[in-house]
Amino acid sequence: MDYKTLCFSLFDYKTEKWVFLVKKGYQEVNTSIQSSVITKVKGVAFTNTSELKERLWDVADYVIPSQGENVFFVVTNLIVTPNQRQSHCAESSRVPGAVCSQDSDCPKGEAVITGNGVKTGTCLMGAGNSSGTCEIFAWCPVEKVSKPTKPLLGKAEDFTVYIKNTICFPRFNFSKSNVLQTKDRSFLKFCRFSPDNHYCPIFRLGTLVSYTGNDFQEMALEGGVIGIHIEWDCDLDRGPSACEPQYSFRRLDNRFAEKSVSSGYNFRFAKYYQDANGVEFRTLMKVYGIRFDVLVNGKAGKFNIIPMVINVGTSMALMGAGAFFCDLVLIYLIKKSHFYREKKFEQVRLSSQKLLSKYLANGKQDTGLSAGEEPLGQVQTVEK
């Protein structure tokens with residue numbers, strides 16, 4: 001084979017050849033990624049409600065937890081029950097097991113499991129009604145049973161979040177951040193993330209939600225969960241510049257059904273106070289909002305002679321064994337084996353001169369033919 005043919009053969013299509021290159025069988029791969037995530041939300045909003053009056057909301061009010069982790073929650077709506085004190089009041093009629101017609105229906109000391117307190121043994125009957133609700137000892141008045149009709153902090157759509165992700169592959173002593181390495185102090189003040197700008201990790205919340213195919217105002221009404229997935233696929237043979245973060249976004253709480261009883265996200269917390277007499281009271285808040293989960297995965301690969309030798313040897317062994325078993329089946333085990341045999345082998349008749357040369361090459365001077373008689377030739381089966 002000449003050098004030109006040899007060079008072109010390197011570019012012939014062979015499955016095993018391309019699998020070796022595409023899958024980077026010549027590299028050592030490390031999937032033990034170490035990751036750190038820091039988040040900071042910025043933005044302010046103003047509200048004016050009957051329960052809270054005029055109020056300015058900043059990051060200390062609407063971001064939970066405040067220290068900035070890989071999971072953070074932004075309040076977008078809430079139901080407020082102010083001035084709750086521990087005393088006796090009627091349980092909500094919507095709570096299972098709270099409706100009664102006589103005192104025996106309200107055993108004293110029994111907790112209302114899905115309710116708000118402990119029964120006192122008294123059934124509070126409404127005027128002219130045949131049934132009432134059990135009296136309970138609880139934080140009274142009990143929480144309002146209602147659903148929000150519009151988001152209180154709808155302007156949170158324009159808030160921004162800074163997500164700094166630093167990763168390390170200890171096997172290769174390699175680390176990198178998703179923030180552009182620059183000395184320009186104003187870079188992070190004005191840049192915004194876009195599909196073409198992966199090294200500015202400052203996201204507008206409304207844009208983040210839109211990447212999942214959802215509307216921020218609709219999601220802010222009852223809350224939800226957004227997954228921010230950062231994927232690092234690093235080919236260290238090409239240098240650090242070939243290791244770039246790839247982002248994807250997905251809504252996690254409402255994946256299979258557009259409207260579901262389990263969709264949304266909310267929880268409760270209270271702020272406690274004391275009046276002039278030292279009696280404790282509180283303001284209960286049921287907050288709705290969007291929880292953001294930052295998920296980081298990645299792998300890095302770098303050339304190593306050991307996996308290359310192992311993969312080359314394995315490929316060669318598998319290719320040889322595969323060809324052998326295929327020939328075994330096609331030549332001997334199928335009904336139309338003669339068709340495959342004809343395609344794989346051909347019969348070649350050696351000329352008398354070639355036959356004589358073959359004999360001489362084997363050191364056989366006596367051909368067994370009479371004087372003046374020439375060999376007629378020999379039929380030999382060879383592989384195509």
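Colleague: What is the angle about the S-S bond in the link of Cys106 and Cys134?
Modeller: This is a predicted model: local features need pLDDT of at least 70, side-chain atom pairs count only at pLDDT 80 or more, and totals for chains, interfaces and linings use all residues. Residues are numbered from 1 along each chain as its sequence is written, and side-chain values use heavy atoms, leaving out hydrogens and water. The link is a disulfide (a pair of cysteine sulfur atoms within 2.5 Å). Its hand is left, and the angle is -80°.

Colleague: How many residues apart in sequence are the parts that Cys106 and Cys134 tie together?
Modeller: The disulfide spans 2.0 Å from S to S. Cys106 lies in the loop between β7 and β8, and Cys134 in strand β9 (residues 132-140), so the parts joined are apart in sequence by 28 residues. A strand is a DSSP run of E, at least two residues, numbered from the N terminus. The separation is thus 28 residues.

Colleague: Does Cys234 count as buried or exposed?
Modeller: Cys234 forms a disulfide with Cys243, their sulfur atoms 1.9 Å apart. Buried means under 20% relative accessible area, exposed over 50%, partly exposed in between (1.4 Å probe, protein chains only). Cys234 has 2% relative accessibility, so the class is buried.

Colleague: What pattern do the disulfides of the chain follow?
Modeller: The count comes to five disulfides. With bonded cysteines counted along the chain, the pattern is 1-6, 2-4, 3-5, 7-8, 9-10.

Conventions:
Helix = DSSP H or I, 4+ residues; strand = E, 2+ residues; numbered from the N terminus.
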